[in-house]
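Please read these notes with the sequence and the model open side by side. The points are grouped by type of contact.

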Amino acid sequence: MASMHPSFLILLFLPLLITADKCNKDDKRALNSIKTTYNFTGWNSATACCDWAGVECDPTVPGSDGSRVTGLFVIDDSTITGSIPSAVGDLPFLTSLRFHKLPNLTGNIPSSITRLTRLSILLLSWNSLSGPIPSFLSQIRSLTDIDLSFNQFSGSIPPELAKLPSIQQIDFSRNRLTGSIPAEFGNFNKSSPPDLILNHNNFSGDLPVSLGVPVWGKIDLSRNNLTGDASFLFGAGKSTRYIDLSRNEFAFDLSRVTFPVNLTVLDLNHNKIIGSIPAQINQVDPTYFPVFNVSYNRLCGEIPAGPITAMFGVDSYFHNKCLCGSPLPPC
């Protein structure tokens, strides 16, 4: 049998060599630093770091050739302790950073992430992170989604976040945040503001009227200590689909409100809302409307008959001042 030429052998094994080296050396250095911090045994230096668990190298990211780390996912691991290593900022092609369900992950968000100028998704949820939500997040202009839910963040919301040009979701739910909702949040793009999810915190004070300017797709302010008028969030001409203001201290006249026709969730329970339920609620599209609740308020008058109001039972209406009519007792 004729022996193979050495150059042929190189060509034969070239794909294997490329795979083994499929990781930019600077990115690999940053990952190894993270590996040391968290004592990851599954990240084997003998293999390409783009093939490590939780590491993604997407060649479709502009400027990446398939060797640059574009995603880092550390999920559901109770053995991880300590804080987020500053080395995450040394992955310049990162578009998605997800640290999720790490109950022993503590500390603050490191300022080094401001170096991630391509970062779109920042998901640091269900951890034990604390301290203030840093205003420097507003420097990452590429952000589209910030999810810091289920942590122990405290302090107020930095108004600078309103400067993010492409933000599509802000979820700060289930933290220990205080203060008022920034008036600057009324400066978000009027037609496409982010979904705003701030439930289960300790926000207080009146809502700034400026929040009536953006047409929110979803706004969830439930389970806080917010007061005053929130009627400007409504409007028949708006495309809002989800409004949850439950368990606050809002006080306004519901009679003067018109509802977005695309609404699918309306929860106003446990507030101090007066007036009656407008008949216009039954002009909302009934195809998909799973939540409607006005219980525990100070409403009066007859519940208007129609497809929306008929979909819900006593629990959606009881404990009001003098609300009556089906499904409550007759007026």
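**Notes on the predicted model**

1. R241 and D195 form a salt bridge, with 2.9 Å between the closest N and O atoms. This pair connects distant parts of the chain, since R241 sits in the loop between β13 and β14 whereas D195 belongs to strand β10 (residues 195-197), 46 residues apart.

2. A second salt bridge worth checking is that of K272 with E249, at 3.0 Å from N to O. K272 lies in the loop between β16 and β17 (291-293) and E249 in strand β15, so the contact ties together parts 23 residues apart in sequence. K272 counts as partly exposed, with a relative accessible area of 33%. E249 is also partly exposed, at 34%.

3. How many salt bridges does the whole structure hold? The search finds eight. One of them joins K25 to D26, with the closest N and O atoms 3.6 Å apart. K25 is exposed at 60% relative accessibility, while D26 is partly exposed at 34%. Through shared partners, K25, D26 and R29 form one salt-bridge network.

4. E249 also has a place in the strand pairing. Strand β13 (residues 225-228) pairs with strand β15 (residues 249-250) in the parallel sense, over two bridges. Within this pairing, E249 of β15 is the bridge partner of T227. The residue that forms a salt bridge with K272 is therefore also a bridge partner in β15, and its side chain is partly exposed because its relative accessible area, 34%, falls between the limits of 20% and 50%.

5. On its other pairing, β13 runs parallel to strand β11 (residues 202-206), this time over three bridges. Here T227 in β13 is the bridge partner of D206.

6. The model holds four disulfides. Counting bonded cysteines along the chain, they follow the pattern 1-2, 3-4, 5-6, 7-8. One of them joins C50 to C57, with an S to S distance of 2.0 Å. Its torsion about the S-S bond is -85°, and the link is left-handed. C50 is buried at 9% relative accessibility, and C57 is buried at 16%.

7. Another disulfide links C300 and C322, with an S to S distance of 1.5 Å. The torsion about its S-S bond is about 95°, so this disulfide is right-handed. C300 lies in strand β18 (residues 300-302) and C322 in strand β19 (residues 322-324), so the bond ties together parts that are 22 residues apart in sequence. Both cysteines are partly exposed: C300 has a relative accessible area of 22%, and C322 one of 37%.

8. In the disulfide of C324 and C331, the sulfur atoms are 1.9 Å apart. The torsion here is about 90°, so the link is right-handed. Which of these two cysteines is buried and which is exposed? C324 is buried at 13% relative accessibility, whereas C331 is exposed at 61%.

9. There are 14 aromatic pairs in the structure. Among them is the pair of F234 and F252, which is tilted, with 6.4 Å from centre to centre and 45° between the planes. F234 lies in the loop between β13 and β14 (242-244) and F252 in the loop between β15 and β16 (265-267), so the pair ties together parts that are 18 residues apart in sequence. Both phenylalanines are buried.

10. Elsewhere, one aromatic cluster is made up of Y38, F40, W43, W52 and F99.

11. Two lysines are placed over aromatic rings. The charged end of K101 sits over the ring of W126, 5.2 Å from the ring centre. K218 lies over the face of Y242, at 4.4 Å from the centre of that ring.

Terms used:
Residues are numbered from 1 along each chain as its sequence is written. This is a predicted model: local features need pLDDT of at least 70, side-chain atom pairs count only at pLDDT 80 or more; totals for chains, interfaces and linings use all residues. Side-chain values use heavy atoms; hydrogens and water are left out. Two strands pair if DSSP finds at least two bridges between them. Helices (H or I, at least four residues) and strands (E, at least two) are DSSP runs, numbered from the N terminus. A disulfide is a pair of cysteine sulfur atoms within 2.5 Å. Buried means under 20% relative accessible area, exposed over 50%, partly exposed in between (1.4 Å probe, protein chains only). Rings of Phe, Tyr and Trp (its six-membered ring) pair if their centres lie within 6.5 Å; planes under 30 degrees apart count as stacked, over 60 as edge-to-face and the rest as tilted. A charge sits over a ring if NZ of Lys or CZ of Arg is within 6 Å of the ring centre and within 35 degrees of the ring normal. A salt bridge is a side-chain nitrogen of Lys or Arg within 4 Å of a carboxyl oxygen of Asp or Glu.
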